[in-house]
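Please look at the sequence and the structure below.

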Amino acid sequence: MDTYVYILNHGKFGEELIKSAELITGKIDRIKAFSLLPGMSIEEFYDNVQSTIEEDSPSIVLCDIYGGTPSNVAMMLSAKYDFSIICGVNLAMLIELVISRENENNVDELINKAFKAAKESVYLPEDIKESE
């Protein structure tokens with residue numbers, strides 16, 4: 001499937017997340033991170049993202065935290081473009097999304113798999129000890 005993945009985030013988090021995922025999955029295509037950097041206005045960030053969005057392909061937007069400028073920009077752009085948004089991106093989510101999109105044609109199913117992987121990757125040390 002030609003689903004594009006966009007990561008909207010504070011600092012260089014998204015760029016480094018992609019590099020980390022590529023250590024595990026190999027080169028990732030159809031992905032781009034947008035970094036909100038110090039001194040950057042919301043308008044500048046919005047314009048950077050909008051100028052890159054592929055209008056003719058399904059897209060999934062991953063944001064670092066809900067309620068921050070990156071997620072607010074994603075919400076604003078979702079009024080104009082047809083894409084799905086997930087907030088709270090982590091490495092497990094990104095890896096699952098990258099691996100699953102090669103064989104999955106349904107964006108909703110991709111979202112479900114990515115969200116499930118993210119939730120299942122979070123543990124407290126006490127939880128791990130209790131399950132042993």
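Helix α2 passes helix α3 in a right-handed crossing (the near helix is turned clockwise from the far one by less than a right angle). This is a predicted model, in which local features need pLDDT of at least 70 and side-chain atom pairs count only at pLDDT 80 or more, while totals for chains, interfaces and linings use all residues. Residues are numbered from 1 along each chain as its sequence is written, and side-chain values use heavy atoms, without hydrogens and water.

The axes of α2 (residues 42-50) and α3 (residues 69-78) come within 10 Å and cross at roughly 55°. Axes are lines fitted to C-alpha atoms, for helices over the stretch in contact, and angles between N-to-C directions run from 0 to 180 degrees. Helices (H or I, at least four residues) and strands (E, at least two) are DSSP runs, numbered from the N terminus. In the contact (heavy atoms within 4.5 Å), α2 contributes Ile-42, Phe-45, Tyr-46, Val-49 and Gln-50, and α3 contributes Thr-69, Pro-70, Val-73, Met-76 and Leu-77.

Two of the pairings are listed here.

| Strands | Bridges |
|---|---|
| β1 (residues 4-10) and β2, parallel | 6 bridges |
| β3 (residues 59-63) and β4 (residues 83-87), parallel | 5 bridges |

Ile-7 has Ala-33 in β2 as its bridge partner, and Ile-60 stands opposite Ser-84 in β4.

Notes: Pairing = 2+ DSSP bridges.
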